[in-house]
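Hi,

Here is the structure I said I would pass on.

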Amino acid sequence: NTNVCIALNDIGEFSRFYPNGKLIVKSLGAKDISLSLISNDDENIQTAALQCASKIMVNSYQMVMK
């Protein structure tokens, strides 16, 4: 479970900071996988999956931080 949480965090950060990260992550299907993991039994995986999916979907973090 810890490995899954770390992987979700890494995918989210990759999509956030890499110039074409969102396109790469979406084309590899990571968005769909993270969305499916939101309904997991483990609460930590649910949280990590939700954070990952939100990092993939949000376009501008400056607007979120206001």
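Let's start with serine 15, which sits in helix 1 (residues 2-17); helices here are DSSP runs of H or I with at least four residues, numbered from the N terminus. Bear in mind that this is a predicted model, where local features need pLDDT of at least 70 and side-chain atom pairs count only at pLDDT 80 or more, while totals for chains, interfaces and linings use all residues. Residues are numbered from 1 along each chain as its sequence is written, and side-chain values use heavy atoms, with hydrogens and water left out.

Serine 15 counts as buried because its relative accessibility is 2% (buried is under 20% relative accessible area, exposed over 50%, partly exposed in between, with a 1.4 Å probe and protein chains only). Leaving aside neighbours within four places in sequence, serine 15 is in contact with Gly21, Lys22, Val25, Lys55 and Ile56 (contact means heavy atoms within 4.5 Å).

On to the rings. Rings of Phe, Tyr and Trp (its six-membered ring) pair if their centres lie within 6.5 Å; planes under 30 degrees apart count as stacked, over 60 as edge-to-face and the rest as tilted. That rule gives one aromatic pair: phenylalanine 14 and tyrosine 18 are stacked, 4.8 Å centre to centre with 15° between the planes. Phenylalanine 14 counts as partly exposed, at 32% relative accessibility, and so does tyrosine 18, at 43%.

Lastly, Lys31, Ser34, Leu35 and Leu37 in helix 3 meet Ile45, Gln46, Ala49, Cys52, Ala53, Ile56 and Met57 in helix 4.

Cheers

Methods
Helix = DSSP H or I, 4+ residues; strand = E, 2+ residues; numbered from the N terminus.
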